[in-house]
Amino acid sequence: MLSLTITAITFGVVFLAELPDKTALAGLMLGTRYRASYVFAGVAAAFAVHVALAVAAGSVLTLLPHRLVQALVGVLFLAGAAVLLLKKDDGDEEQLKAPADQSFWKVSGAGFMLILVAEFGDLTQIMTANLAARYDDPLSVGLGAVLALWAVAGIGILGGRTLMKYVPLRIITKVAAGLMLTLAGFSLYEALAG
């Protein structure tokens, strides 16, 4: 059964963690060169694959003892918060190979491959697996994660630069890290108290 609370929590955590990521910039770059709907189709498909893999990995974790899973999830959330707080913005933009033409399959294929490779093992994929393990609700976590990633992709493709003019990236990063620290605290508390 779908839990709107778990879907909303997952959406918020994944959205805030992905917003300052390089894929929003990659989507922005592809979106300025090619038809936005073609780019989004490829990017959305790649994110759906990543979420499915993450939810499957998180579901496997639920087979372990509950206290061990909560401790592991708490430590991984702490690590995720540290990564967000300590990462340096080196300003290096990945070089994109431009498709030779503007056909749907070429453009969406370029977006799909870029995201599939760039996001494999990414922080938000690991966080999605953590959330799936924490809540033992793969449908709600999967839906929240995929909607968050699609929202970030849409924002990146259609107007990431405008958003960044009004909301500094460091604030978004700090809010995402704060949410992860809160989730880490809850998970570690459950591991120690339960």
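Modeller: This is a predicted model. A search of the whole structure finds 1 cavity of 30 Å³ or more, and about 50 Å³ of space lies in the largest cavity.

Biologist: What makes this space a cavity?

Modeller: A 1.4 Å probe fits at its points but cannot get out, and therefore the term cavity applies.

Biologist: Which residues line the largest cavity, and what are they by class?

Modeller: Its lining consists of Phe47, His50, Val51, Ala54, Glu119, Thr124, Gln125, Thr128 and Leu149. Two or more residues each come from helix 3 (36-61) and helix 6 (123-135); helix 3 gives the largest share, 4 residues. By class, the lining has 4 nonpolar, 4 polar and 1 charged residues.

Biologist: How do you know that the span of helix 6 is close to the expected one?

Modeller: Helix 6 reaches 18 Å from its first C-alpha to its last, and 18 Å is expected at 1.5 Å a residue. Just after helix 6, Asp136 takes a positive phi of about 50°.

Biologist: Which members of the largest nonpolar core touch the most other members?

Modeller: Of its 41 residues, these are Val39, Phe77, Met127, Leu131 and Met180. Helix 3 and helix 6 are among the elements that give two or more residues to this core.

Definitions and conventions: Residues numbered from 1 in each chain as written. Predicted model: local features only at pLDDT ≥ 70, side-chain atom pairs only at ≥ 80, totals over all residues. Heavy atoms only, no water. 1 Å grid on protein atoms, 1.4 Å probe; cavity = no way out; pocket = protein on both sides within 12 Å on 5 of 7 lines; lining within 4 Å. Points joined across faces, edges and corners; volume = space filled by probe spheres on them. Nonpolar A, V, L, I, M, F, W, Y, C, P; charged D, E, K, R; others polar. Core = buried A, V, L, I, M, F, W, Y, C linked by side-chain atoms within 4.5 Å. Buried < 20%, exposed > 50% of the residue type's maximum accessible area, 1.4 Å probe, protein only. Expected span 1.5 Å × (residues − 1).
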